[in-house]
Amino acid sequence: MPAGSPAVASGAVQAVSVPEGRTRVAGRVTWLSDYGVYLALGLLLSFNLVFTPNFATVANLRLQLVQVAPVAIVALGMALVIGTGGIDLSVGSTMAIAAALLPLYLGYGIWPAIAVAVFAGGAVGLVNGGLVAYGIQPIVATLGLLVAGRGTALVVADGRLVEIFDPTLTAIGGGQVLGVPLPVLAALTVAAAAGFVLRRAAFGRRLLAVGGNRPAALLAGLPVRRTLVTVYVISGVLAAMAGVLTTGRQGASDPSFTGLLIELSAITAVVVGGTPLAGGRVRILGTLMGALLMQLIIATVIQHDLHDSTARMIQAAIIVAAVYAQRDRSGT
Amino acid sequence: MTTGQAERAAPFSPAAGTGRTRLASLARRHGAALVLALVVLLGTLTFGSSFTGPGNLGAIALDASYLLLVATGMTFVILAGGIDLSVGSVLALSGVLAAYGSRWGTAGAVLLPLAVCGLIGLVNGVLVGRARLAPFVVTLATLLFARGLAFAVSQEGNRVYIIPADLALTRIGQANVLGVGVPVLIALTAFAAAGVVLNRTRFGLRVFAAGNGDGHAAELMGLPVARIRVRVYVLSSLLAGLAGVLIAAQTASGLPTLGEGRELEAIAAVVIGGTLLTGGAGTLGGTLAGVLLLKVIQNLINQVGTLSSAYQQVVSGTFLVLVVLVQAALARRRRQ
């Protein structure tokens, strides 16, 4: 929950009272929450290499990576939003809006159509960010656009699935550069950019300051509102990009199902990757690994002839384990 | 976000303040009911008897009763400073289990789902209340788990269990008393009971205390905050489970795909009803108004034959945003 002033105060007290030399148990817990996702991913990969036939083939690995790319891109935007202590539930609907707009503007050429779709994603983010900056809780603000956004996408596309035969769009969704699929390349580029911004750019430091202690950020004279708006716009733009990639891969614009429930997958990837929901810290590589872990769980379960429902229950257990490992540090 | 202590406590001191702040507080507490009255009036004037006819109003009431049960539980959870994303999945799981359990008669069809749902609520509550994990993530996990279990029980959705038509449960679920569906009466009874518990018992008072300022004050006063939190999550799951059983009884089957997105609809109803997501302040009456408002708006859009059902989502979402904007504006004015 977004913290009111009492929670912020207690967080500050805790930060002061934790001594430099942590106890061994606390150290172990910290280690687990920081690197647990790599451990889990390593274990799952080893299991698959030994027990799953045809797992370590280029075709299979490429398929897994292509499938996870849109989730990873959305999750990276989500990680930035969560870094400010917020949440963005509207990403799936934003993907649907982007998908719905593509065929409408295809007459002007594919690049203008993509530009319109991405611009619309930014507009959704602008509304989200404006509401949050005005003081509305992120869950509610973005919940409104989750509902209204999906409806808008359906209205715009008249509820229909439209097939798109455009070589450029197909190439974007399924093409390769030096053997690496373009969606994967896009996800890696976004991750590198996000990592650079968080570590090296003033905006990234502001973002973490706003998430870590908003009153302090305000007192320090940081442009809190502008930072919040920018973060939600970034999330919206990334979601729209994911919508374009998904549409390209499917060869069809499907406003009913594009990005449906992806907000949950994205939040899961971020949380499992070790980013605390309370804000103030973002783990980019962890988020990528979290998305990959969740994808591999489904793939493993399916390749061993188990059901999708089993995968969901395993994912649930992993989410709980991940937040349990984080709990002592986040203080929530 | 940064709602101060003063306005969280506002519902407890309605007499305080000037005329304008009293008006603002009134608007927040009864705004949903007011808008509901306006929308109903508008519907009556525009559509006449196709809106006010017993068939249509009965359908609205039936549709609203399931959401009311879920939103009532959600109100307790939110008042106690939490959130429960799992209710939609729990509702589906409950329906599937009710249909599965109907082989052991009505008792099995009611007790099996409620026991499992209660257990899920207990897990939610213990993880949030005792282990102090973030409620958003914990209930996100149980959302996945309950949906997975519902699909596992119904063999990945390939098997639809049917409740025998001669079972007492089916007859109750499809019966009418004085023209009102029995599920509506059950939902209203549960709602009334919840109202008594929230407003007239020690537990109800403690729910408010546990949600005020993250429960720090309540803990310092020696209130068993963890136990209160466990109970609200159990209550929320049980009410969602009851809604699932009633839907199964009415449709005589259990579908694992049911209730997707119901949790968001319930949260929207609670927020529209004037309950603050930060916890500690709100009313069940507002939730009732919020539920009815959402359902009446959906119905009115259906009445306009030319509009696709997608417009329901556009209007509901926009409406939610407008309501919270007004709430935030009122809160700002009060602070000044």
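**Confidence first, then the contact**

Chain A averages a pLDDT of 84, with 88% of its residues scoring at least 70; pLDDT is the predictor's confidence in each residue, from 0 to 100. This is a predicted model, where local features need pLDDT of at least 70, side-chain atom pairs count only at pLDDT 80 or more, and totals for chains, interfaces and linings use all residues. Residues are numbered from 1 along each chain as its sequence is written, and chains are lettered from A in the order in which they are written. Watch residues 1-22 of chain A, where pLDDT stays under 50.

Now look across at B:Val137, which sits in helix α7 (residues 135-153) of chain B. Why does B:Val137 count as buried? Because B:Val137 has 24 C-beta neighbours inside 10 Å, and buried means 20 or more other C-beta atoms within 10 Å of the residue's own, all placed from the backbone. Beyond its neighbours within four places in sequence, B:Val137 is in contact with A:Val271, A:Leu277, A:Ile319 and A:Val323. A:Ile319 also turns up among the residues with the most contacts inside the largest nonpolar core, which has 207 residues. By core I mean a set of buried Ala, Val, Leu, Ile, Met, Phe, Trp, Tyr and Cys residues joined through C-beta atoms within 7 Å.

Key
Contact = placed C-beta atoms within 7 Å. Buried ≥ 20, exposed ≤ 12 C-beta atoms within 10 Å, placed from the backbone. Helix = DSSP H or I, 4+ residues; strand = E, 2+ residues; numbered from the N terminus.
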